[in-house]
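Here are my notes on the model. Please read them with the structure open beside you.

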Amino acid sequence: MAKSFVPLIVVLFVSLLPLAAMAVGTPFHIEGCVYCDTCRFGFETIATKYIHGARVRIVCKDRVTLKSELVGVAVTGPNGKYKVAVRGDRQDQQCLAELVHSPLSRCQEADPGRSTATVILTRSNGAASTRHYANAMGFFRDEPLRGCAALRKRYLADGDVRAI
């Protein structure tokens with residue numbers, strides 16, 4: 001009876017070995033983007049400009065000790081996108097992508113509702129991929145562009161003119 005289980009155990013062990021090897025040495029790859037909210041709407045629109053050269057950091061906080069640790073930094077490319085590799089499984093730590101700096105002089109104020117994005121940095125949640133996507137983060141332009149009022153009307157529900 002015991003001999004019949006040996007091949008099954010060997011097959012299970014061999015099939016799980018690549019997953020264990022991946023968990024130990026493969027970094028997580030976080031991708032996201034940073035934009036300038038040119039109309040100060042609090043979300044991306046057709047008037048949104050993506051920021052080249054914005055700085056972003058990945059910070060993880062231990063839920064018990066509340067100690068924060070910087071685990072990655074990135075700078076956005078020409079299309080406002082960034083990529084950062086983070087080593088190590090963060091288990092149940094709370095990890096955030098955070099805005100650090102905008103190189104645009106007229107777009108420096110971080111949108112309080114879009115200045116951070118939660119990122120999952122654990123393999124204990126069932127996700128097999130090491131590539132994770134952070135929500136877009138944005139800065140407000142100092143003054144809205146001309147034409148933003150007309151653009152706002154396009155985004156409002158029919159007849160909802162009270163919000164203007």
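Leaving aside neighbours within four places in sequence, which residues is threonine 122 in contact with? Point 1 takes this up.

1. Threonine 122. This is a predicted model, and the contacts here are read from it. Beyond its neighbours within four places in sequence, threonine 122 is in contact with Phe28, Asp89 and Gln91. Its place is the loop between S8 and strand S9 (131-133). The side chain makes a polar contact of 2.8 Å with the side chain of aspartate 89. A polar atom of the threonine 122 side chain also lies 3.1 Å from the backbone nitrogen of serine 124. Is threonine 122 buried or exposed? Its relative accessibility is 9%. The cut-off for buried is under 20%, so threonine 122 counts as buried.

2. Overall layout. The protein chain has 2 helices and 10 strands. Along the sequence the pattern is α-β-β-β-β-β-β-β-β-β-β-α. Take the contacts with a separation of 6 or more: 68% of them are between residues 24 or more positions apart.

3. Burial and surface. The protein chain has 164 residues, and 35% of them are buried.

4. The largest core. In soluble globular proteins, nonpolar side chains tend to be buried together. Here the largest nonpolar core holds 24 residues. Which of them touch the most other members? They are Ile30, Val34, Ile58, Tyr82, Ala97, Val119 and Leu121. At least two core residues come from each of strand S1 (28-37), strand S3 (55-61), strand S4 (68-75), strand S5 (81-86), strand S6 (94-101), strand S8 (116-119) and strand S10 (137-140). S1 gives the largest share, 4 residues.

5. Setting aside residues up to four places away in sequence, valine 119 touches Ile30, Ile58, Cys95, Leu96, Ala97 and Ala134.

6. Positive phi at arginine 40. Arginine 40 is not a glycine, yet its phi is positive, near 60 degrees. Where is arginine 40 placed? It sits in the loop between S1 and strand S2 (49-50). Its relative accessible area is 29%, so arginine 40 is partly exposed. Please look at the backbone here.

7. Positive phi at leucine 66. Leucine 66 also has a positive phi, about 60 degrees, although it is not a glycine. The residue belongs to the loop between S3 and S4. Is leucine 66 buried or exposed? The cut-off for exposed is over 50%. Leucine 66 has 57% relative accessibility, so it counts as exposed.

8. A nonpolar surface patch. Which residues form a nonpolar patch on the surface? They are Phe43, Ile46 and Tyr155. Together they have about 290 Å² of accessible area. Phenylalanine 43 lies in the loop between S1 and S2. At 32% relative accessibility, phenylalanine 43 is partly exposed.

Note on methods. Residues are numbered from 1 along each chain as its sequence is written. This is a predicted model: local features need pLDDT of at least 70, side-chain atom pairs count only at pLDDT 80 or more; totals for chains, interfaces and linings use all residues. Side-chain values use heavy atoms; hydrogens and water are left out. Buried means under 20% relative accessible area, exposed over 50%, partly exposed in between (1.4 Å probe, protein chains only). Contact means heavy atoms within 4.5 Å. A nonpolar core is a set of buried Ala, Val, Leu, Ile, Met, Phe, Trp, Tyr and Cys residues joined through side-chain atoms within 4.5 Å. Patches are made of residues with over 30% relative accessible area and no salt bridge: like charges are joined within 9 Å, nonpolar side chains (Val, Leu, Ile, Met, Phe, Trp, Tyr) within 5 Å. Accessible areas come from the Shrake-Rupley method with a 1.4 Å probe; for residues, only the protein chains shown count as cover. A salt bridge is a side-chain nitrogen of Lys or Arg within 4 Å of a carboxyl oxygen of Asp or Glu. A polar contact is a pair of N or O atoms within 3.5 Å; within protein, one must be able to donate a hydrogen and the other to accept it, and residues adjacent in sequence count only if both atoms are side-chain atoms.
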